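Subject: Structure for you to look at, with notes

Dear colleague,

I am passing on the structure we spoke about, with the sequence alongside.

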Amino acid sequence: MNTQTPVKSVDSLTLQVHSAFNTVQGEGPNSGLPATFLRLIGCNLQCVNCDTTYTSPEPYDCEPSHVETLINGITDAPLYNHLVITGGEPFRQGLALAMAVKTLLLHDKTRTIDIETNGTYSPSHVLSLLTEHERKRLFIVCSPKTRVVNSEMREHCDAWKFVISAAHIVRGDERAFLGWPTQVLGGQAGSKFNAAGESYFADNLLLRVIDQAKAGKPVYVHPEEIGGLGSPIYCANMTAALNLVKRYPTFRLGVQLHKYYELA
Ligand code: SF4
């Protein structure tokens, strides 16, 4: 149960950093790449099943122009060429995020960056600072946790990512469905879906995701790793994710690689 307090967006020139560490990107288009993670403080949502610690009594406050030095100092190891900026919710940090991304892409012309987002903010303030070449090295990976995604985010994100559960709790009832992620659908749960899960997502964001997948924007689905590899619940999640890509063949199946390898 996530008890971390949600926080609003900040309009600061200082980036609030939770931690930085070297690991391997476990999900999405750059899955498998060794990466330096920069985790930012705070999230505007409070998803019940969130497994990320994004609050800290001792945040690092950092001017964007010093972000490279800061990451180096925190990780105490060489930076990888691929950075992942995650949270919490990175786009919550407005201008400071935009300037940090610009600085990092400018400093190393071969560097690539993933920004992982819940989709509730526009990415425009970040994108407006980038040259065409810099834009090509930035991947915005949207993993929605709400039924409505910011319209500019919907348009500009580079990929969608969903962590799939086979079953969830809806108003006290446990119901199995095709595997759409609980938190995206949460607001509509209960009244809108039949046993096959058909009408459940008929009028929501996911239809648009399906359209975007058809148009070439990648959609990654990962079964939620829970209860350990081989556990019945994880096997059910794997089946749900597999069923989903069979049903929507433009979707791409993956696993939460970092959990297989028990990485940070
Ligand atoms: S949006 Fe992501 S980081 Fe924020 S509470 Fe939900 S799962 Fe956690």
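Which residue in S7 does Val-141 stand opposite? The residue is Ala-159, and I begin there because the cut-off for a buried residue, 20 or more other C-beta atoms within 10 Å of its own, will be needed further on. Please bear in mind throughout that this is a predicted model.

Strand S6 itself, residues 138-142, is mostly covered, with four of its five residues buried. Five bridges join S6 to strand S5, which spans residues 112-117, and the two strands run parallel; S6 is also joined to strand S7, residues 159-164, by two bridges, again in a parallel arrangement.

Helix H1 covers residues 67-75 and contains Ile-71, which counts as buried because 24 other C-beta atoms lie within 10 Å, against the cut-off of 20 or more. Leaving aside residues up to four places away in sequence, Ile-71 touches Ala-20, Thr-36, Leu-38 and Leu-79. The C-alpha atoms of Ile-71 and Phe-37 are 8.9 Å apart in space, although 34 residues separate the two in sequence.

Helix H2 has 14 residues, 94-107, and at 1.5 Å a residue it should span 20 Å; its end C-alpha atoms are 20 Å apart, so the two values agree. Several residues of H2 are buried, including Ala-96, Leu-97, Ala-98, Met-99, Leu-104 and Leu-105.

Finally, the ligand is surrounded by 13 residues, of which the closest are Cys-43, Leu-45, Cys-47, Cys-50 and Asn-118. By type, the shell around the ligand divides into five nonpolar, six polar and two charged residues.

With best wishes

Methods: Residues numbered from 1 in each chain as written. Predicted model: local features only at pLDDT ≥ 70, side-chain atom pairs only at ≥ 80, totals over all residues. Near = placed C-beta within 6 Å. Nonpolar A, V, L, I, M, F, W, Y, C, P; charged D, E, K, R; others polar. Buried ≥ 20, exposed ≤ 12 C-beta atoms within 10 Å, placed from the backbone. Contact = placed C-beta atoms within 7 Å. Pairing = 2+ DSSP bridges. Expected span 1.5 Å × (residues − 1).
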